[in-house]
Amino acid sequence: MAYQTFRQEYFQIPVVTRAYTTACVLTTAAVQLELITPFQLYFNPDLILKHYQVWRLMTNFLFFGPVGFNFLFNMIFLYRYCRMLEEGSFRGRTADFVFMFLFGGVLMTIFGTFVSLVFLGQAFTIMLVYVWSRRNPNVRMNFFGLLNFQAPFLPWVLMGFSLLLGNSIIVDLLGIAPGGGRWLKTPTILKMLFDTPEDDANYNPLPEERPGGFAWGEGQRLGG
């Protein structure tokens, strides 16, 4: 019974969110079990270009460090904002969402080369948060019960939090750099592969799609 419930819930997760979060969890599990090492995953242009280890272009987005608070924090943010984007702004536009993933990943890979980052998953998560925040300007948020602000300020609040913890803000800036604009048209081949013309008549919109954003009476809170 528990397995059936888990399986049902798992397959209700939108396909892109499900695929990416699953890949991140499985990659971390493989490292924890010592089946692979981070040295086989990190971004290294020389190994990619000279030794044709092209998998590093993808695997550096899948590893968020060993299991711990930082890993759980990143997974929660990744799952939450990736799913809200896919079920909200990109509902019925899976091809556009996949193209945003690919285009954002390419830009981050280029930028990451110049700042010597070897794992770009956290920056990619910040990118998803940034895109969601720009598409939901009327949503009010609460950070650990201490600070109230509108959604577009969320990436900057997270950057300030990183500074308070003594961390580098390069990752935050790298995630914000691609921006939330639509620069290119989604290729037709992606639309053929991922988009379906049918619409769900029983669709119940997420809170950020409703007038006024999240209902504060329901206790929507970030980080607490």
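Colleague: At what angle do helix 5 and helix 6 pack?

Modeller: This is a predicted model, in which local features need pLDDT of at least 70, side-chain atom pairs count only at pLDDT 80 or more, and totals for chains, interfaces and linings use all residues. Residues are numbered from 1 along each chain as its sequence is written, and side-chain values use heavy atoms, with hydrogens and water left out. Helices (H or I, at least four residues) and strands (E, at least two) are DSSP runs numbered from the N terminus, while axes are lines fitted to C-alpha atoms, for helices over the stretch in contact, with angles from 0 to 180 degrees between N-to-C directions. The axes of helix 5 (residues 69-87) and helix 6 (residues 94-115) are 10 Å apart, and the two helices pack at an angle of about 140°.

Colleague: In which crossing does helix 5 pass helix 6, left-handed or right-handed?

Modeller: Angles under 35 degrees count as roughly parallel, over 145 as roughly antiparallel, 65 to 115 as roughly perpendicular and the rest as oblique. Helix 5 and helix 6 are therefore oblique to each other. A crossing is left-handed if the near helix is turned anticlockwise from the far one by less than a right angle, and right-handed if clockwise. The crossing of helix 5 with helix 6 is right-handed.

Colleague: Which residues of helix 6 do C82, L85 and E86 in helix 5 meet?

Modeller: Contact means heavy atoms within 4.5 Å. From helix 5 come C82, L85 and E86, and what they meet in helix 6 is F97, M100 and F101.

Colleague: Which residues of helix 6 make the contact with helix 2?

Modeller: The axes of helix 2 (residues 15-32) and helix 6 come within 10 Å and cross at roughly 35°. Helix 2 contributes V15, V16 and Y20, and helix 6 contributes T94, F97, V98 and F101.

Colleague: How far apart in sequence are the parts that the pair of F101 and F124 ties together?

Modeller: The structure holds 14 aromatic pairs, where rings of Phe, Tyr and Trp (its six-membered ring) pair if their centres lie within 6.5 Å, and planes under 30 degrees apart count as stacked, over 60 as edge-to-face and the rest as tilted. The ring centres of F101 and F124 are 4.8 Å apart with planes at 70°, so this pair is edge-to-face. Because F101 lies in helix 6 and F124 in helix 7 (residues 121-135), the separation of the parts tied together is 23 residues.

Colleague: Which residues do ring pairs link into a cluster?

Modeller: F101 and F124 are both buried (under 20% relative accessible area, with exposed over 50% and partly exposed in between, 1.4 Å probe, protein chains only). The cluster linked by ring pairs consists of Y20, F61, F90, F97, F101 and F124.
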